[in-house]
Amino acid sequence: MVADRPGEFDLIREFFAPLAKDPGSLGLTDDAVVLTARAGHDLVLTKDMLAANIHFFSQDPPEAIAAKALRVNLSDLAAKGAKPRGYMMGLALPSDWSPDWLEGFCAGLADDQKAYGFDLLGGDTIRSFGGLLVSITALGEVPCGKAVRRSGAQPGDLLFVTGTIGDAAAGLQLRFDPAFGQERTLSATDEQYLRDRYLLPRPRTTLAPFLLEYANAAMDISDGLIADCGHLASASEVDIVLDLDKVPVSHAIAKINANSQDDFLRCVDGGDDYEILTCVSEANAEQFSKHATAVGCPLTLIGRVDQGTGIVTVTKKGTPIHMHELGGFRHF
């Protein structure tokens, strides 16, 4: 019942203040955060909003919703080479929220704060007359002038990607259509793996310092591999040649590819991977790869950068293929 819920200031004191350990948060007792960047560093800020039944499902565990909200922002920071400093959160709670649900949500925040080494700095909590909304503004730090942008790719660079691609899009499809897996010979283990990959991204924070050292350009893959290659190529005013045969995929996505190339392409360009796409000079590629291996970050060479005007060519067995109407995830 509403009467059993804490008021706004009790809610802040009970649930959120224990998460605010950075001195700049002022213990969540003020209306603003006071931060000073470390000497010789720039602040990097990024924001992602997640809405129920668009970016997650309202029945998902609150711990997982909290983790996803943080991790999609951590992925953006990692792509810039930034070390996480803290985050601010806007939370719009639906009318049926409960203290037990919020306790689980905050437990998810606390676990990821510990895992990734950053804390809550401040924010705002309001009532939503629709579904749950979570808005995270994450802050990181990089040495002055060193943030890795998507606009720095150079002709001759090699194109790398972390992790595996397409899992999250397939996991989302399984949520909408439970028969999707059976029709494509996926096992129960395959299906659970794909659902987990949709729900819980794996931000590549351990790669961030090596992106700072070696990458000419980088971005995280949120809209889909091919679409985000296009975004990077356009920003850098270069062309990209992507070798589809080299794109790293999980065992489950390989099964989907064996059944239908169209389904495979939709997964590869479906979005929500939150892996890192990066361009590194040929001279630095071997050293970059060694560092990635040393920190346990899977890294695969999938293409090259050519002179051009922002065109992406996808090849299979060395031959360009037609991509139909694929265009990655669209927000509107």
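Me: Buried means under 20% relative accessible area, exposed means over 50%, and partly exposed is in between (1.4 Å probe, protein chains only). On that scale, why is Ala82 called buried?

Reply: The relative accessible area of Ala82 is 4%. That is under the 20% limit, so Ala82 counts as buried. This is a predicted model: local features need pLDDT of at least 70, side-chain atom pairs count only at pLDDT 80 or more, and totals for chains, interfaces and linings use all residues. Residues are numbered from 1 along each chain as its sequence is written, and side-chain values use heavy atoms, with hydrogens and water left out.

Me: Where is Ala82, and which residues is Ala82 in contact with, leaving aside neighbours within four places in sequence?

Reply: Ala82 sits in the loop between α2 (62–79) and β2 (83–93). Helices (H or I, at least four residues) and strands (E, at least two) are DSSP runs, numbered from the N terminus. Contact means heavy atoms within 4.5 Å. With neighbours within four places set aside, Ala82 touches Val44, Leu77, Gly140, Glu141, Val142 and Ala208. Val142 is 60 residues away along the chain, yet the two C-alpha atoms are separated by 5.0 Å.

Me: What makes the link between the side chains of Thr46 and Asp76 a polar contact?

Reply: A polar contact is a pair of N or O atoms within 3.5 Å; within protein, one must be able to donate a hydrogen and the other to accept it, and residues adjacent in sequence count only if both atoms are side-chain atoms. The Thr46 and Asp76 side chains are joined at 3.2 Å. Thr46 lies in strand β1 (residues 41–51). Its relative accessible area is 14%, so Thr46 is buried.

Me: How do you know that β5 is largely enclosed by the rest of the structure?

Reply: Of the 5 residues of β5, 5 are buried, so the strand is largely enclosed. Both faces are covered. Leu158, Phe160 and Thr162 are buried on one side, and Leu159 and Val161 on the other. In a regular strand, side chains alternate between the two faces of the sheet.

Me: What makes β5 and β9 a pair?

Reply: Two strands pair if DSSP finds at least two bridges between them. β5 and β9 have 5 bridges, in the antiparallel sense. The bridge partners in β9 are Thr300 for Val161 and Leu299 for Thr162. β5 and β8 also qualify, with 4 bridges, again antiparallel. In β8, Val161 is partnered by Leu277.

Me: Why are β6 and β11 said to stand at the edges?

Reply: The open sheet has 7 strands in the order β6-β8-β5-β9-β7-β10-β11, with mixed pairing. β6 (215–220) and β11 (319–320) each have a single partner strand, so one side of each is left without a neighbour in the sheet.

Me: Why are α4 and α6 called roughly perpendicular?

Reply: Axes are lines fitted to C-alpha atoms, for helices over the stretch in contact, and angles run from 0 to 180 degrees between N-to-C directions. Under 35 degrees is roughly parallel, over 145 roughly antiparallel, 65 to 115 roughly perpendicular, and the rest oblique. Helix α4 (residues 167–176) and helix α6 (residues 188–199) pack at about 105°, with axes 7 Å apart. They are therefore roughly perpendicular. The contact includes Asp167 and Leu174 of α4, and Tyr193 and Tyr198 of α6.

Me: What is the phi of Asp272, and what is the phi of Tyr274?

Reply: Most residues other than glycine have a negative phi. Asp272 is not a glycine, but its phi is positive, about 70°. Tyr274 is not a glycine either, and its phi is positive, about 55°. Asp272 is in the loop between α10 and β8, and Tyr274 is placed in the loop between α10 and β8 too. Asp272 has 16% relative accessibility, so it counts as buried. Tyr274, at 8%, counts as buried as well.
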